[in-house]
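Hello,

Here is the structure I promised to hand over. My notes follow below it.

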Amino acid sequence: MPAAAQPRRVRTSRLRKLAVLGAGAAVLALPVVGATSASAADSAGSAGTTLAGYPNNLDGWIRESLAIMAEKHIPGTYNGIHRNIIRESSGNPRAINLWDSNAAKGIPSKGLLQVIDPTFNAYHVAGTAFDPYDPVANITAACNYAAARYGSIDNVNGAY
């Protein structure tokens, strides 16, 4: 290969490395600042399925939560859950709010539906992980809380 072609190949290689590093930095930043769109959430967990056999993405997490909620007689619909998730976390299961009044008290809101630890603990639903960052546990606990407080997650149209 002629020497003149080598710098061009090196530049291309450097550009690819920068693009990969830049994309990696953006992905690493998502848990801190939240996802920017629902499509980011859908693809974030698209590999495989959950232990219950649902797709490991936002759609699957909601559907698995709805199945558990049906067993436990917790009201809510797919659309009501999805609408609230997109508003609260943009579909990022690792979202955390480090700036509001709860965070100032040392109990930041966490997960898909931005639940604080005391609420998660009080409304945790048996059969789900005891982890507020677990998507299914977060959705199900939040819906259980919303049912007790508002009748259903479907009745929640703002911060709750």
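**Helix 3 and its neighbours**

The crossing of helix 3 and helix 7 is right-handed. Helices here are DSSP runs (H or I, at least four residues), numbered from the N terminus.

This is a predicted model: local features need pLDDT of at least 70, side-chain atom pairs count only at pLDDT 80 or more, and totals for chains, interfaces and linings use all residues. Residues are numbered from 1 along each chain as its sequence is written, and side-chain values use heavy atoms, without hydrogens and water.

Helix 3 covers residues 58–72 and helix 7 covers residues 135–150. Their axes come within 9 Å and cross at roughly 50°. Axes are lines fitted to C-alpha atoms over the stretch in contact, with angles from 0 to 180 degrees between N-to-C directions. The two helices are therefore oblique (under 35 degrees is roughly parallel, over 145 roughly antiparallel, 65 to 115 roughly perpendicular, the rest oblique).

Who meets whom? On helix 3, Trp61, Ile62, Glu64, Ser65, Ile68 and Met69 take part. On helix 7, the partners are Pro135, Val136, Ile139, Thr140 and Cys143. Contact means heavy atoms within 4.5 Å. The residues of this contact divide into 8 nonpolar, 2 polar and 1 charged.

Helix 3 also meets helix 4, residues 78–89. Here the axes come within 10 Å and cross at roughly 130°. This pair is therefore oblique, and the crossing is right-handed. Leu58, Asp59, Ile62, Arg63, Leu66 and Met69 in helix 3 meet Tyr78, Ile81, His82, Ile85 and Ile86 in helix 4. That contact has 8 nonpolar, 1 polar and 2 charged residues. Ala, Val, Leu, Ile, Met, Phe, Trp, Tyr, Cys and Pro count as nonpolar; Asp, Glu, Lys and Arg as charged; the others, Gly among them, as polar.

Best wishes

Key:
Left-handed = near helix turned anticlockwise from the far one by under 90°.
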